[in-house]
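Hello,

I am passing a structure on to you, along with some notes on what turned up in it.

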Amino acid sequence: MKHTLAMAIRSLRARPSRTLLTVAGIVLGVAVILAISITNLSTLDSLAGVFSAASGKANLVVLSATDNEEGFAERVRGVVLGTPGVQDAVPSLQMTVFLAGQDLAGQRETSMLGGATIRLVVYGIDPSIDDRAREYAAVEGSLLPSDLNAYEIVLVKEYADEHEIEVGEDIDLLTEAGLETVRVTGLISKEGVGQTNNGAFGVMPLGAAQEIFGRTGDLDQIDVIAAPGHADGDGLDALQSALEDRLGTAYTVAYPASQGKRVVQMLDVYQMGLSFFSVIAIIVGAFLIYNTFTMTVVERTREIGMLRTVGMTSRQVMGQIMTESVILGVVGAGLGVGAGVLMARGLIRLMEYLLNQPVREVQVPFGGLLTSIGIGLAVTLFASGIPAMQAGRISPLEALRVRGNQREQWWVRRGWPWGIGLLLIAVAGFYVRVSSSIQYYVSNGAVTLMSVGAMFIIPVTVHAWVLVLSPLLRGLYKGEGQLGTRNIERGKQRTTMTVIALMVSIGMVYSIQALAESFRVDVQAWIDGYIGGDLYVYSGRALRYDLGQRLEAVSGVEAVTPMRRVDVKVLKADGTQDTLAYYAYDPESYRRVTSFVFSDPKADSEMLMDRLAQGDVVFISTVVSDKYDLVPGDTIRLETRRGQRDFEVGAIVSEFNDRGFALEGSWKDLRRYFGVNDVSAFQIKISPGASQAQVEAEIDRLYGERQHLTIESNEAMKAEAMSVVSQAFSMFDVLAIIAVIVAALGVINTLTMSVLERTREIGMLRGVGMTRWQVVKMILAEAGTVGVMGGVFGVVYGLFMSRLFIGGANITQGYQLSPVIPTQGLIAGLVIAIVVSQVAALMPASRAARLEVIEALQFE
Amino acid sequence: MTDILDARGLRKTYQMGEHRVRALDGVDFCVRKGEFVAIMGPSGSGKSTLLHLLGGLDKPSEGEVTLAGQRLSILDDKQATLVRRRNIGFIFQFFNLLPTLSTEENVALPLIIDGQNPRKHEERITYLLELVGLKDRRRHKPDQLSGGEQQRVAIARALITSPAMVLADEPTGNLDSKTGTLVMDLLRRSCDELGQTIVIVTHDSRAAAYADRVVFLRDGRISTEMLCEGVADMAQRVRAVLETMERLAN
């Protein structure tokens, strides 16, 4: 064993470039898996943590079941306190306001979570007992006094610094009633509850908050501190049930972190995409490792033959190769862990940007660490296992033979029928309908089968490629180009492995482009409808419904339609509840400004809008339709002020707000069932020929200051929303780049081996008069041929992969994305493949050119 | 006859680990145009080193090689390469044909490398294929040819540019005796019929017998030389005997 290890180490050290390239491939593969695992876990942990920190030490939270923003009466606290098992009940009122005097448009940011305006979230609390539920870390000034009616506020330091607010300063809050002045008495750190709303958070005495916001006697939340024995496990479950029984169905008693559940759901498809593409990157790495070990075995055929001659058994030979594989796997996986942690840092920063939310990096998750190391090792061992077996079959006679051409594996010569069969099975994966829980695995399986199928088919196409590309490369690289192109026929197995690696990585590049374009097309269509009209008008406080009529009277305005968003509870058949967003519109004015994007292209939109206007009808998103298995004609039960009520599903529409977890309803129903009559925003359509700038200026003059309005151009908002979509795909681009790098390593490996095998031949060519530069061109031509093959196959592979992924996303997430074929992606894929092949060939080409003629001629 | 090749005071020293090895230790060597010279000597005598210096594949530590009036030592790598391409034909022990090229393409390889269109040299290629007896195998790949046939292709390749000199390193080293005789006969004919200047390095005395002059090296120096008269006639006689034997066998 000791000797085996020593020989293995020596063998690896004797081929430093090859060893480094192989380790690099393993490092990248392990790093990708670990980085994605860390990033996903960190994101989920941070998001859940935000909600959890907002309630800090509380064991349970009591909320209104209707989520109609009216909260509930203060007396409910007494009921809660009176429940056995409750030690404390900490009340709070939760409002969102704007900081007056600030640019409201500047306070609006869009993120992947669909967040729109960042307002200041203000909790009205009882300072004397609130610290039993939440922790505050004061950094300046003092925390709140015990006077419940003091008009004072404590802000998060980062927020205060950003808005140049100091302790002792008075600030104006824009509320329903108008401007209210409060004094800043202290600043807290952005930890614990200070993380709420990304630090745009403040606390003030409950009484003052109730007065300022016109919510006297109201609460929004009670944080329950359980008594010992009731704080966890069965005790806590029992306490939850007891509270629910006491309070009735008008209230929800929940665990604090579960409030983040809906937010976390929104990231599902994103994380699924990251995991899917990380598997692809692993496939590329596997081909690289297989190719490397195959070449190593070929290179050492005579050496292995000699070892067999002096008595080494087949099993010992296999063991030798596998020992090298284990060493590379362990080293690669170890380094990959370090690289993965570094990569995760970068991905986390990107995720923070996308979510507009700080993401705290978790400790390297032990499970994720084991998984990534395990996968790295398993892939290395698996990919090197076949070459190891081949090494074991080398006969002692090989030691005595003059080096000839490597005999190709059986699959190179006869594997193409298998290839066709595997491709057909993979294509069948498109049409097989499986449950969403296994769709992910079906997609991954289909992609893997396609890669293996292509591996069997590519060898029989090599000659045709040479015939087609030889004239082209001769034109580019002259006679040497022709020599280089033909060289790929000499090692079809080697050529195939390299083409596969390029194919998969280019496929990733292309499919990510296609995916992004599909999203953009569908999101664009939805945004055009959602942010309809020309202007978008909103305020820091809820607007009155009749403002719409006054806006419509402004010269140059053709039509105005209101919009309001509330959270509603959906009651499921099993008795559990989910929270969805309810967007209310006035159908009559809505159709004059913009339109819904119906999933059924033949839908009679006028008829459907009339239905919506009649009431008791909702339009649901494709996501809701899929999740709750609803179609037009079904009913969906919502919790309203008047109790539970069934609404008919009128139509299915595109909806990307709240990641699709949304319903569209009428204003009539909003008033009738949810008791809301104010407006979140107005969408305005400008008359043909009227100047948008003038209309904007006129509205601002008439109502801007009085109503504290912000007027924005819809074009600007659309552009911002689209840029979020673009940024979201940048993370996938990172994975694609990694896959391309791994493929490039494969090209370097292959060409290096090709040069090594042809050392004597290169010496001959130099001897008969080929210059060093001509040798370089010959190698570049060979690489270019492989690059073109990899690019073309890659684009085709990418077409399949993107269709698979879009189909998978549609099934698992309920989207109805339309597949798109981006022409730019086709060209980009080809260009990248060719460029990568040329750049990767430079090192082996220059090595070939530097060969000394005499040494090369004498090389054995 | 004029000297096509003139080498004076050649010395070559190599560093091998901690030792300095003097492969050539003062060699003066010249070859007349149209002459066939064989260089012989025991292992380590410096014969391959001498061949490499004569062909511009290496530079001497001391001394000078002049080929067709061109001093090789003052050439940079690219210039030396061009000299090899146009003025020297190389024949190697292991044939070294390109497996992806056909017979005629391998013959035309120096032209391809020189950027010339082989089709414009169709006549010359056909002539050489006829000379080496492979005209009917012109489209075959090397793996379809025997060892002797491959070496004959290599000879045709070496002659395609009508070089000033052909250098052959152990041309029969990888062939059986009968095939080796055929190859040497070809080289002799190219010398007699085409006026080609040929220098071979060999340890095979039968191969050396085809040369007009045999130079013996020992310990990096020329030990002795032997002039052979009537070699052309001898070769003709051997050829006639072989052809007769061939006819009788068929």
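Please keep in mind that this is a predicted model. I began with the interface, where 22 residues of chain A are in contact with 21 residues of chain B. About 2200 Å² is buried between chain A and chain B, and carbon and sulfur atoms give 65% of that area.

In a salt bridge, R486(A) meets E105(B) through their side chains, at 2.8 Å from N to O. There are also 10 residue pairs in polar contact between chain A and chain B, with both residues at pLDDT 80 or more.

Which helices of chain A each supply at least two residues of the side that touches chain B? They are α14 (436-487), α23 (759-767), α24 (772-813) and α26 (853-858). Of these, α23(A) gives the most, with six residues. Sorted by class, that side of chain A has eight nonpolar, seven polar and seven charged residues.

Now to the fold of chain B. An open sheet of four strands runs in the order β2-β1-β4-β5 (chain B), with antiparallel pairing. β2 (19-32) and β5 (70-71) of chain B are at the edges with a single partner strand each, so one side of each has no neighbour in the sheet. β1 (residues 3-16) of chain B pairs with β2(B) in the antiparallel sense over 11 bridges; A7(B), for instance, has F29(B) in β2(B) as its bridge partner. Across β1, β2 and β4 (62-67) of chain B lies helix α1 (residues 47-54), which runs at about 120° to β1(B).

Best wishes

Terms used: Residues numbered from 1 in each chain as written. Chains lettered and ligands numbered in written order. Predicted model: local features only at pLDDT ≥ 70, side-chain atom pairs only at ≥ 80, totals over all residues. Heavy atoms only, no water. Contact = heavy atoms within 4.5 Å. Buried area = accessible area lost by both parts, 1.4 Å probe. Salt bridge = Lys/Arg side-chain N within 4 Å of Asp/Glu carboxyl O. Polar contact = N/O pair within 3.5 Å; in protein donor to acceptor, adjacent residues only side chain to side chain. Nonpolar A, V, L, I, M, F, W, Y, C, P; charged D, E, K, R; others polar. Pairing = 2+ DSSP bridges. Axes fitted to C-alpha atoms, helices over the stretch in contact; angles between N-to-C directions.
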